[in-house]
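Subject: Structure handover

Hello,

Here is the structure I promised to pass on. Please open it first, then read my notes below.

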Amino acid sequence: MVFFRKIFILQLVGLVLTYNFTDCDFKEISDVYKKVIIYDLKSYMNGTERTHFDITYSCDDRPTCLTEIERLTFHPTAHCTSLARETFAEKTKWLLTRWCPDYSRTQINNTQIMKKRRKREKTINNCPEIVANLMGLWGRFTRG
């Protein structure tokens, strides 16, 4: 019971410490995405057997889109733990650092909790599903 309470508190803290993307330069971010990151995402998906993925993440405005993109890209889940090391993630990190004032990747990361959880459950590689959702979020972001 104490373990679940700690996880719940960490999740709440993560929500509070989320960066506010309202002051970002949306035009520059959109331009870099269209020129660079889209191709890295497509390259990642190249060779994926499935052609249809459930799109489960959405956003209403550009700051919300960036919040979701940041969360899916840099915060590991039980089924997809390695996206932060991908080329598109490194470029996304650079882009957010460059075009969002005071953005830094020093937010709480629950990697240790995920490592413990991974040992107890069988991991299913769900990264292509997450990347498909990222592509949808980026598309929504660029349409503004």
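Are Tyr19 and Phe21 buried or exposed? Both Tyr19 and Phe21 are buried. Please keep in mind throughout that this is a predicted model.

Now the overall picture. The chain has six helices and zero strands. From the N terminus on, the order of elements is α-α-α-α-α-α. Of the 144 residues in the chain, 38% are buried. The chain exposes about 9100 Å². Carbon and sulfur atoms supply 53% of that area. I also looked at contacts between residues at least 6 apart in sequence. Of these, 87% join residues at least 24 apart.

Next, the core. The largest nonpolar core holds 35 residues. Ile29, Leu66 and Trp138 touch the most other members. Four helices each supply at least two residues of this core: H2 (26–45), H3 (62–74), H4 (87–99) and H6 (127–143). Leaving aside residues up to four places away in sequence, Ile29 touches Cys24, Leu66, Leu95, Trp99, Cys100, Trp138 and Phe141. That list includes Leu66 and Trp138, which stand beside Ile29 among the residues that touch the most other core members.

Then the aromatic rings. The count comes to seven aromatic pairs. One of them is Tyr19 with Phe21, an edge-to-face pair. Their centres are 4.8 Å apart, with 70° between the planes. Tyr44 and Phe88 also form an edge-to-face pair, at 5.7 Å centre to centre and 80° between the planes. Tyr44 lies in helix H2 and Phe88 in helix H4, so this pair ties together parts that are 44 residues apart in sequence. Tyr44 has 22% relative accessibility, so Tyr44 counts as partly exposed. Phe88 has 2%, so Phe88 counts as buried. Ring pairs also link Phe26, Tyr33, Trp138 and Phe141 into a cluster.

Two arginines sit over rings. Arg62 lies over the face of Phe141, 5.1 Å from the ring centre. Phe141 is also a member of the ring cluster and one of the contacts of Ile29. The charged end of Arg98 sits over the ring of Trp99, 4.3 Å from the ring's centre. Trp99, too, is touched by Ile29.

Two more residues deserve a look.

Glu68 is in helix H3. Why does Glu68 count as buried? The relative accessible area of Glu68 is 17%, and buried means under 20%. Leaving aside residues up to four places away in sequence, Glu68 touches Tyr57, Ser58 and Leu137.

Pro128 is in helix H6. Pro128 has a relative accessible area of 18%, so Pro128 is buried as well. Pro128 and Tyr44 are 84 residues apart in sequence. In space, C-alpha to C-alpha, Pro128 and Tyr44 are 8.0 Å apart.

Best wishes

Notes
Residues numbered from 1 in each chain as written. Predicted model: local features only at pLDDT ≥ 70, side-chain atom pairs only at ≥ 80, totals over all residues. Heavy atoms only, no water. Core = buried A, V, L, I, M, F, W, Y, C linked by side-chain atoms within 4.5 Å. Buried < 20%, exposed > 50% of the residue type's maximum accessible area, 1.4 Å probe, protein only. Contact = heavy atoms within 4.5 Å. Areas by Shrake-Rupley, 256 points an atom, 1.4 Å probe, with all protein chains shown as cover. Phe/Tyr/Trp six-rings, centres within 6.5 Å; stacked < 30°, edge-to-face > 60°. Lys NZ or Arg CZ within 6 Å of the ring centre and 35° of its normal.
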